[in-house]
Amino acid sequence: MKHIPYWLYIDSYVHISIKKSGALLYNPLNGNILEYSCNDENKTILSLIRKLSTFKNHRVISLTPEQATQVETVKFIEQLRINFMGDVIEKSASSVKPFQVIPYVKIQRDMNILKKNPNTSPGDKMMTYLDELIIFINNRCSQSCPSCDRYFLQVPCCTAKPAGESILSPRQIASILEETRGSHLDAIHISGGDILSYPYWDELEPLLEKTDTPVFFYIHYLNIVEHPGRLNLFKKDRLTVRIPVIFPFDEEKMKRAFLNLYEAGIQYDLIAIIQSNEEYALLREILERLSDSVSIPGVMYLPFYNGSNTGFFKDIFYVTRGDFKDKRPQNRDIYVNSTLNRVFFGKLWIKADGSVYSNLHSSKIGKIGEYSVYDCVFRELQRGESWWKTRKRVLPCKNCNYEGLCPSISAYNYAIGRYDLCFLSQDN
Amino acid sequence: MKCECMSSTISIETPRKNKYLFDQLEKITLLSHPVMYFLVCLKKEGTDLEKWIPRLDRDKEIMIDDYGPVSFPDILYYKSKLDLLEQNGFFKPVAPGWISFSSLSAGDIENAISNIKQITLEVTDSCNLNCEYCGYGKFYTNAAGRSNKNLDPASVKTLLIYLKQFLDSPLNQSLDRTVFLSFYGGEPLLNFSLIEETVQYAKQMDLKRAHFRFSITTNAVLLDKYMDFLVMENFTVYISLDGNEINQSYRVYHNGRPSFQNIIDNILLLREKYPGFFKENVQFNSVLHNRNSVQEIYDFFKNRFDKTPRILALNTYGIKEEFKDKFRNTYKNPKESLLESNDYSKIEEEMFIRLGNIQEHATFVFQSTNFCFMNYKDLLAPVPKKVIRPYPTGTCIPFSQKLFVTAKGDILSCERISQEFVLGHVSLETVSLDFESIAQKYNHWFDLIREQCSRCSLAATCTQCLFFLIHSQQYPAKKVVCPLSKNPSLFARSFAESIDYFEKNPSMYDKILKEVHIES
């Protein structure tokens, strides 16, 4: 560095996070991270980052010749340059402080702004936010899957109740579908119980005719084998049967179920619910073998926390620093993470008794019949128990500089009982 | 074959010698080190940096104009930074057709009308003033004959009943949406009975997911007679007033008598009688011309009423050939008038987004950055690989903003566009609006300019209304030429203007982001 005045700047694409514990700079172009914890050694650098980050400085600050040649500052500039996160420009190169278009996540129809404006309502165009409905039309099933009452809380799956039958009536389903006509949903998921034993089966088809949204039906493979006569409903391009695959299962009957669907010309895919690396390897092997005699379409492998497989989750699910380098979350991801919960936003779960949830681990929003879908969407937007559940709202994540980079809180966090499913802090 | 393509990344230098790169696809603006900027310029001139760099003498410094000597390692460093940008979507070749447009469908229009924000009624086309520059007056070819026609209250009811079916339908995506029922003219208070009847009718309509609020645009000549009603119904009142007595002198009665004193008396009466209403519900619109200025308008409203008005320029489209000189004489450019103001900074700070130049910079911030989103759905949408705009130009989808009914019962998408662009009609008993045929009409109009827009570097951020272009070039047109259509260097210049402005006024960038909210 020459003994001259400079402009020091951090590039506008760099994500900056400053917490009590220190500061983090992340470059989404190459996944590089610079971390500075709060200690005497980093005092100068942290002070520079704080100064650069104030809104009015726009990530550009002036360095006197003395500051520019100070050891700590030189070290910081070198680190910024090596990681393509910032630079210095000689002040003589221009006649005025350069301007940086710094990121500031702005949602024009921000809920809080709509609330404050007397001419708008937080409910303005809110139904466009509804993307997916997960509807449980009944809750009875004759199968006996080992953790039937828990899979659906973590992964898309059916579930049954041993006692107390509930059925969502065709009239209720019709009203839900009609109300969401303007939402242009991305997907509707129909689950049970055993939906093939739904008592008003014949009334479902005309209802589904009215929507052009893709519909996914969750059916246990043994139920497919037991009710082959009811499969005709699914013979449409936008309808897909989803089969949960859970150990243990009967390989022959599973194969029969696939054949039934394949022969009937029905689209289907698999949700493989995995509890260990061994199960994963074994299932892949079985499916490989089955594929010799029957069509195996898309398989989604989803881990399931059973209360005693923390090690498995640590292996495959816990976030490490290396993940950011590999997956390189982009600024858009960071903006989303800081604003809303990507996993839950836009989704409503409706149970067979009509109870509506924005996440099956949160409290009930309302009940169909007492509340319209409009009311439920409005209530969730207001209370934000799931849709607005970001890491910056919860401990310990809100004190962590990786909070904006980490994926949204999901059902796994609730199932395992902690938000920090990661190796980012010392304690984990 | 020579490929006529440009790069997605534009390099600009502001008058104060700062250098920037802006990528139109990534929507990222970067401050550029002068050396990196130099390399970008070489690249744009056609130099292959991969061949150029190895030919350099590693032990010698390279001289860069306006900057000075640069070492070989620095050249290599900035080349690496450029490579990283390139790997991340910068400097993509942008061929004609870099932007793709879709077509408007009947469903889009049904969706728009179900989520309408404003219904504007031309209560009457007669007016008690005879303003020299009136948009329906002598200057404009647009002026559909003014025939002292009043809108029929029965037609309004028919229209409201028709609209109710959409507002109550599941296509209305809102809960408790405010829909403005706006009374416009001519001078709407000349047909007060229609306003009164319509308000009473609208209030008793049982809308499931919306409610009405009322607004009126008036010259305030009759305000003394009707202010009690406007206050009682919580109207938003837009008063047209150009400033002091001389500023207002184009706004005269039909006998040529000035209107200023009557209007001021009425406004003062309203303020005295209903101070709270005056403060919250009354806004002023001032037309800028050669008898006033931004400074005078600002001073007048600040001193008299402690308000800042909206300043409107005269419409420059559709001027009759024989009046072009006279119009030119009357017209004043708001930006130039603002720059001539003594209190330039204070006016800019206080009037802020009501000023055209701030609106331009706000448009730049909102449309040329990757962190401003219309709503949460946009935030979640995947980043498209190419720029996709629904339609060419910045024309609104019909009825997405408003629906305008003329005194004759013709339905248009806006009161500001020529009445040649009628989309339907409301009579005493029926509303004729055929969404399919409206979609076809719009697609035909879009086709007139589609090809031109696909080559324009402003296409992704365009706010130009197509109807002003078609009208100014005579309707029906076979082809439309957009005067704003920009080549990359002109686009770079307009981009540089905004960056230059923010270099001088960085706090305005913060203020725009924090305080300006676009409603739709």
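User: What share of the contacts in chain A between residues at least 6 apart in sequence join residues at least 24 apart?
Analyst: It's 73% of them. Keep in mind that this is a predicted model.

User: Ok. How many helices and strands does chain A have?
Analyst: Chain A has 15 helices and 16 strands. Its C-alpha trace spans about 85 × 55 × 35 Å along the principal axes.

User: And how much of chain A is buried?
Analyst: Of the 428 residues in chain A, 57% are buried. The chain exposes about 17,900 Å², and carbon and sulfur atoms supply 50% of that area.

User: Which peptide bonds in chain A are worth a look for cis geometry?
Analyst: There's a cis peptide bond between Phe247(A) and Pro248(A), with omega about -5 degrees. Another cis bond joins Leu395(A) and Pro396(A), where omega is about 0 degrees.

User: Where do those two prolines lie, Pro248(A) and Pro396(A)?
Analyst: Both are in loops. Pro248(A) lies between strand E11 (239–246) and helix H9 (251–263) of chain A. Pro396(A) is in the loop between helix H14 (373–383) and helix H15 (411–416) of chain A.

User: What is His15(A) in contact with, leaving aside neighbours within four places in sequence?
Analyst: His15(A) is in contact with Leu24(A), Leu25(A), Tyr26(A), Asn331(A), Ile334(A) and Leu405(A).

User: Switching to the cores. How many residues are in the largest nonpolar core?
Analyst: That core has 240 residues, and those with the most contacts inside it are Ile119(B), Phe183(B), Leu403(B) and Leu433(B). Helix H16 (residues 435–455) of chain B gives the largest share of this core, with nine residues.

User: What does Leu403(B) touch?
Analyst: Not counting residues up to four places away in sequence, Leu403(B) touches a set of residues that includes Ile113(B), Ile116(B), Ile119(B), Leu159(B), Leu163(B), Ile411(B), Leu412(B) and Leu433(B). Gln118(B), Thr120(B) and Ser413(B) are also among its contacts.

User: What about a second core?
Analyst: A separate core of 49 residues includes Leu46(A), Leu52(A), Ile61(A) and Ala68(A).

User: Now helix packing. What's the angle between H14(B) and H19(B)?
Analyst: Helix H14 (residues 356–367) and helix H19 (residues 506–515), both of chain B, pack at about 75 degrees, with their axes 10 Å apart. The two helices are therefore roughly perpendicular to each other.

User: Which residues meet there?
Analyst: From H14(B) you get Ile358(B), His361(B), Ala362(B), Val365(B) and Phe366(B), and they meet Met508(B), Tyr509(B), Ile512(B) and Leu513(B) in H19(B). The residues of that contact divide into eight nonpolar, one polar and no charged.

User: Which residues other than glycine have a positive phi?
Analyst: Asn234(B) is one of them, with phi about 55 degrees. Phe352(B) is another, with phi near 45 degrees.

User: Which residues of H7(B) are buried?
Analyst: Leu223(B), Tyr226(B), Met227(B), Phe229(B), Leu230(B) and Val231(B) are buried in H7(B). The buried residues of H7(B) pack against helix H6 (192–204), strand E11 (210–218), E12, H8 and helix H9 (275–281) of chain B.

User: Last one, where is Tyr250(B)?
Analyst: Tyr250(B) is in the loop between E12 and helix H8 (260–273) of chain B. Tyr250(B) is buried, with a relative accessible area of 6%. Its contacts include Asn130(B), Cys131(B), Tyr133(B), His289(B), Asn290(B) and Thr330(B), not counting residues up to four places away in sequence. Asn290(B) is 40 residues from Tyr250(B) along the chain, and their C-alpha atoms are separated by 9.9 Å.

Key: Residues are numbered from 1 along each chain as its sequence is written. Chains are lettered from A and ligands numbered from 1 in the order in which they are written. This is a predicted model: local features need pLDDT of at least 70, side-chain atom pairs count only at pLDDT 80 or more; totals for chains, interfaces and linings use all residues. Side-chain values use heavy atoms; hydrogens and water are left out. Axes are lines fitted to C-alpha atoms, for helices over the stretch in contact, and angles run from 0 to 180 degrees between N-to-C directions. Helices (H or I, at least four residues) and strands (E, at least two) are DSSP runs, numbered from the N terminus. Angles under 35 degrees count as roughly parallel, over 145 as roughly antiparallel, 65 to 115 as roughly perpendicular and the rest as oblique. Contact means heavy atoms within 4.5 Å. Ala, Val, Leu, Ile, Met, Phe, Trp, Tyr, Cys and Pro count as nonpolar, Asp, Glu, Lys and Arg as charged, and the others, Gly among them, as polar. A nonpolar core is a set of buried Ala, Val, Leu, Ile, Met, Phe, Trp, Tyr and Cys residues joined through side-chain atoms within 4.5 Å. Buried means under 20% relative accessible area, exposed over 50%, partly exposed in between (1.4 Å probe, protein chains only). Accessible areas come from the Shrake-Rupley method with a 1.4 Å probe; for residues, only the protein chains shown count as cover.
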